[in-house]
Amino acid sequence: MSKGPERDIIKIIFQNFLKSLRPRKFTGTLVGEDSFGNKFYEIPADPANTRAKRARYFEPKDDKDAFDQEMNAEWESWLRGRRQDPPTQEEVLRNLAIADMKQKNAAKLDAALAQGKDLKVLEKEQKGMGSFPDYGDEYELSAGVKNKK
């Protein structure tokens with residue numbers, strides 16, 4: 001037998017169980033805030049563990065409904081790890097302006113269609129077989145049969 005300290009497996013399991021019940025205190029660094037008031041944080045990866053990832057989380061503006069919070073698509077993709085860097089304020093504002101422009105254009109189109117105008121906008125031009133490219137005598141129709149144009 002060894003003369004070193006003996007390990008008590010039951011004691012180790014019980015201590016780990018008690019540690020798991022204690023609330024963990026993560027201190028993440030504030031990365032940014034979106035237009036809805038949500039704050040986004042990041043905990044750096046453990047340098048000792050090469051496989052560890054950075055942990056990302058957010059604090060919703062209203063704590064009562066954290067699962068139904070609205071957030072920008074850019075921040076959500078950062079939160080889920082689809083992008084490395086957090087979005088800039090200019091990028092979020094530019095994408096919001098594009099979304100507003102699309103909503104206004106859709107409203108104009110709906111109003112025009114309700115009045116019966118511009119129905120040709122939605123109709124596709126159908127030319128039949130003539131819409132396919134015509135190569136003339138350049139290619140054979142099948143092996144040994146020439147195109148008769």
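**Close-ups of rings, salt bridges and strands**

**View 1. R83 is partly exposed, with a relative accessible area of 23%.** This is a predicted model, so local features need pLDDT of at least 70 and side-chain atom pairs count only at pLDDT 80 or more, while totals for chains, interfaces and linings use all residues. Residues are numbered from 1 along each chain as its sequence is written, and side-chain values use heavy atoms, with hydrogens and water left out. For exposure, buried means under 20% relative accessible area, exposed means over 50%, and partly exposed is in between (1.4 Å probe, protein chains only). The partner of R83 is E91: the two form a salt bridge, with the closest N and O atoms 3.0 Å apart. E91 itself counts as buried, at 19% relative accessibility.

**View 2. E76 and R80 also meet through their side chains in a salt bridge.** The term covers a side-chain nitrogen of Lys or Arg within 4 Å of a carboxyl oxygen of Asp or Glu, and by this rule the count comes to 4. Here the N to O distance is 3.1 Å. E76 is partly exposed at 28% relative accessible area, whereas R80 counts as exposed at 55%.

**View 3. E42, R54 and R56 are linked in a network of salt bridges.** Look for the E42 and R54 side chains, which meet at 3.4 Å, N to O. Helices (H or I, at least four residues) and strands (E, at least two) are DSSP runs, numbered from the N terminus. E42 is buried, with a relative accessible area of 15%, while R54 is partly exposed at 39%.

**View 4. Ring pairs link F40, F58, W75 and W78 into a cluster.** Rings of Phe, Tyr and Trp (its six-membered ring) pair if their centres lie within 6.5 Å; planes under 30 degrees apart count as stacked, over 60 as edge-to-face and the rest as tilted. By this rule the count comes to 5 aromatic pairs. F40 and W75 are stacked because their ring centres are 4.4 Å apart and their planes are at 10°. That pair links distant parts of the chain, 35 residues apart: F40 sits in strand 2 (residues 39-43) and W75 in helix 2 (residues 73-79). Both F40 and W75 are buried.

**View 5. Y41 and Y57 form a stacked aromatic pair.** The rings are 5.3 Å centre to centre, with 15° between the planes. Y41 is in strand 2 and Y57 in strand 3 (residues 55-59), so the pair ties together parts that are 16 residues apart in sequence. Y41 is buried at 13% relative accessible area, but Y57 counts as partly exposed at 27%. Y57 is also the bridge partner of Y41 in strand 3.

**View 6. Strand 2 pairs with strand 1 (residues 29-33) in the antiparallel sense, over 4 bridges.** Two strands pair if DSSP finds at least two bridges between them. Strand 2 and strand 3 pair in the antiparallel sense too, over 5 bridges. Strand 2 is mostly covered, with 4 of its 5 residues buried.
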